[in-house]
Amino acid sequence: MPVDDSRLPGFHKLSVTERRRKVAEMALLGAADIATLENYGELDEEAANRMIENVIGTMSLPVGIATNFVIDGKPYVVPFVVEESSVVAAASNMAKRCLVKGGFRTNNDKPIMIGQLQVIGVEDHVAAEKIIFGAKEEIIAKCNSLPSTMIRLGGGCKDILTRSIQSMSGPMFVIHILVDCRDAMGANAVNTMTEMIAPDIESLIGGSVKLKILSNLASHRLARASATWTPEELSLDGSRESGESVILGIINAYHFADADPFRAATHNKGIMNAISSVAVACGQDWRAIEAGCHSWAAYNNGKYSSITHWEVNSDGDLHGSIECPMAVGIVGGASKVHPAAKANLNILGVESSQELAGVIAATGLSQNLAALFALSTAGIQAGHMKLHAKNMAVSAGAVGGEIEKIVEFVHNHDGPITQQSVVSALKKLRENTL
Ligand code: MEV
């Protein structure tokens with residue numbers, strides 16, 4: 001159920017139970033969803049054993065709520081599932097700072113997936129293309145003879161393209177079927193369609209159809225999100241001048257990623273911190289999304305680069321945008337099987353796969369800005385280590401009240417913090433010399 005407001009002041013100061021109660025109230029969660037979220041290890045043995053092979057148990061990760069997201073005028077509280085501290089706080093922080101400019105806007109493609117058929121042994125690709133185009137309606141009809149809800153709801157195969165590529169094994173003729181997957185991610189339907197039409201393709205053009213599988217470079221299923229941040233919102237001391245200088249630093253950091261694949265890999269990893277976290281929370285195939293985003297990052301300009309774009313607009317504000325493939329679904333797959341994924345989708349309150357795609361893209365943009373802001377000002381480690389302090393304290397062996405004392409030590413510490421300094425601090429604490 002959509003929420004009325006995503007600004008949850010003081011949310012981080014509540015206890016876990018209070019936070020869960022608040023989100024449950026806001027998203028009108030049912031008792032089953034609430035019980036799922038409060039039951040650590042929500043996946044019972046039977047459900048886990050159904051999902052994959054050779055199951056020996058389950059492994060939990062925290063579900064955190066990113067606040068302050070307003071996307072296309074609608075407030076969202078966004079569940080993230082991730083092991084890394086500071087990710088949720090960082091995304092929420094930058095989402096808050098674009099609220100004065102109306103939050104995020106999205107523009108998402110229809111949910112069109114590509115299914116590929118690799119045909120080898122075709123001599124004349126031009127002639128083969130002609131034959132495929134001549135038989136297009138027939139091939140599309142065969143694809144859409146698949147008994148499927150997605151097709152009943154207006155989805156299904158909509159078009160066919162052909163490509164001719166050179167490979168180390170020689171020329172290959174490649175057929176793309178374009179399938180509207182509606183609210184499903186669509187992998188199973190697309191893969192089935194490619195297998196269904198393979199014999200027809202061989203009869204039509206000869207040769208031998210080898211691979212029949214979807215492409216994760218879902219270039220017809222792009223999600224786009226953009227937002228604007230004023231210098232005042234990015235200022236370190238409240239002044240416009242400081243904000244303008246922060247913006248220059250951010251642009252400079254973006255240009256670094258744009259120019260250098262070594263930096264772009266880390267820049268995009270930061271974006272995936274949000275994209276994958278929301279994808280996992282919502283039961284999506286996050287590997288497919290990762291593959292799509294990274295291949296898009298390389299496909300667009302012919303070299304691996306940033307999937308976000310940053311510029312200064314005519315008002316001197318920072319304008320950011322993201323564009324990336326986003327193959328997500330809200331029906332089928334784990335989104336309907338995993339109890340926590342269902343609960344998280346209920347918190348998010350999205351009504352279509354396109355809406356989910358836009359929300360995920362917006363979180364990626366916010367996460368990217370948070371990283372560029374931190375990296376181009378104080379550096380990432382100070383904030384990160386403060387939020388990571390509890391984990392470090394526990395890793396060092398702190399128990400009970402020691403944990404808070406070590407966190408306090410980390411917060412008050414000037415200079416770099418390492419696990420070794422935390423271990424030494426714990427030793428001193430126990431010797432009463434801290
Ligand atoms: C760390 O998880 C993500 C960052 O490295 C992203 C970036 O460098 O842009 C901070």
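Over the ring of which residue does the charged end of Arg 97 sit? In this predicted model, the ring is that of Phe 373, and the charged end of Arg 97 is 4.9 Å from its centre.

**View A. Charges over aromatic rings.** This view shows Arg 97 with Phe 373 and Arg 287 with Trp 286. The charged end of Arg 97 is placed over the ring of Phe 373, at 4.9 Å from the ring centre. Arg 287 lies over the face of Trp 286, and here the distance to the ring centre is 4.4 Å.

**View B. The stacked pair Phe 69 and Phe 104.** Four aromatic pairs are found when the whole structure is searched. One of them consists of Phe 69 and Phe 104, whose ring centres are 5.4 Å apart; with their planes at 20°, the pair is stacked. A pair of aromatic rings is described by the distance of the centres and the angle of the planes. Phe 69 belongs to strand 1 (residues 63-71), whereas Phe 104 lies in the loop between helix 4 (87-97) and strand 3 (105-106); the pair thus links distant parts of the chain, 35 residues apart. Phe 69 is buried, with a relative accessible area of 0%. Phe 104 is likewise buried, with a relative accessible area of 0%.

View C. Trp 229 is part of strand 8 (residues 222-229) and Trp 310 is part of strand 9 (residues 308-312), so that the pair links distant parts of the chain, 81 residues apart. Trp 229 and Trp 310 are both buried. Together, Phe 69, Phe 104, Trp 229 and Trp 310 make up one aromatic cluster.

View E. How many residues of strand 6 are buried? The number is 10 of the 11 residues, so strand 6 is largely enclosed by the rest of the structure. Strand 5 and strand 6 run antiparallel and are joined by 11 bridges. A hairpin of two residues connects strand 5 to strand 6. Ser 167 has Gly 170 in strand 6 as its bridge partner, and Ile 160 stands opposite Ile 177 in strand 6. Strand 4 (residues 112-120) is also antiparallel to strand 6 (residues 170-180), and eight bridges join the two. Opposite Ile 112 stands Asp 180 of strand 6, while Leu 117 has Ile 175 as its bridge partner in strand 6. In a regular strand the side chains alternate between the two faces of the sheet.

View F. Glu 402 is found in helix 17 (residues 401-412). Is Glu 402 buried or exposed? Its relative accessible area is 18%, and Glu 402 is counted as buried because this value falls under the 20% limit. The side chain of Glu 402 reaches the backbone nitrogen of Val 399, at a distance of 2.9 Å. Leaving aside residues up to four places away in sequence, Glu 402 touches Gly 397, Leu 426, Leu 429 and Arg 430.

View G. Pro 62 is located in the loop between helix 3 (45-51) and strand 1. Its contacts, not counting residues up to four places away in sequence, are with Phe 80, Val 81 and Val 82. Pro 62 and Asp 5 are separated by 57 residues in sequence, and their C-alpha atoms are 23 Å apart in space.

Notes: Residues are numbered from 1 along each chain as its sequence is written. This is a predicted model: local features need pLDDT of at least 70, side-chain atom pairs count only at pLDDT 80 or more; totals for chains, interfaces and linings use all residues. Side-chain values use heavy atoms; hydrogens and water are left out. Helices (H or I, at least four residues) and strands (E, at least two) are DSSP runs, numbered from the N terminus. Buried means under 20% relative accessible area, exposed over 50%, partly exposed in between (1.4 Å probe, protein chains only). A polar contact is a pair of N or O atoms within 3.5 Å; within protein, one must be able to donate a hydrogen and the other to accept it, and residues adjacent in sequence count only if both atoms are side-chain atoms. Contact means heavy atoms within 4.5 Å. Rings of Phe, Tyr and Trp (its six-membered ring) pair if their centres lie within 6.5 Å; planes under 30 degrees apart count as stacked, over 60 as edge-to-face and the rest as tilted. A charge sits over a ring if NZ of Lys or CZ of Arg is within 6 Å of the ring centre and within 35 degrees of the ring normal. Two strands pair if DSSP finds at least two bridges between them.
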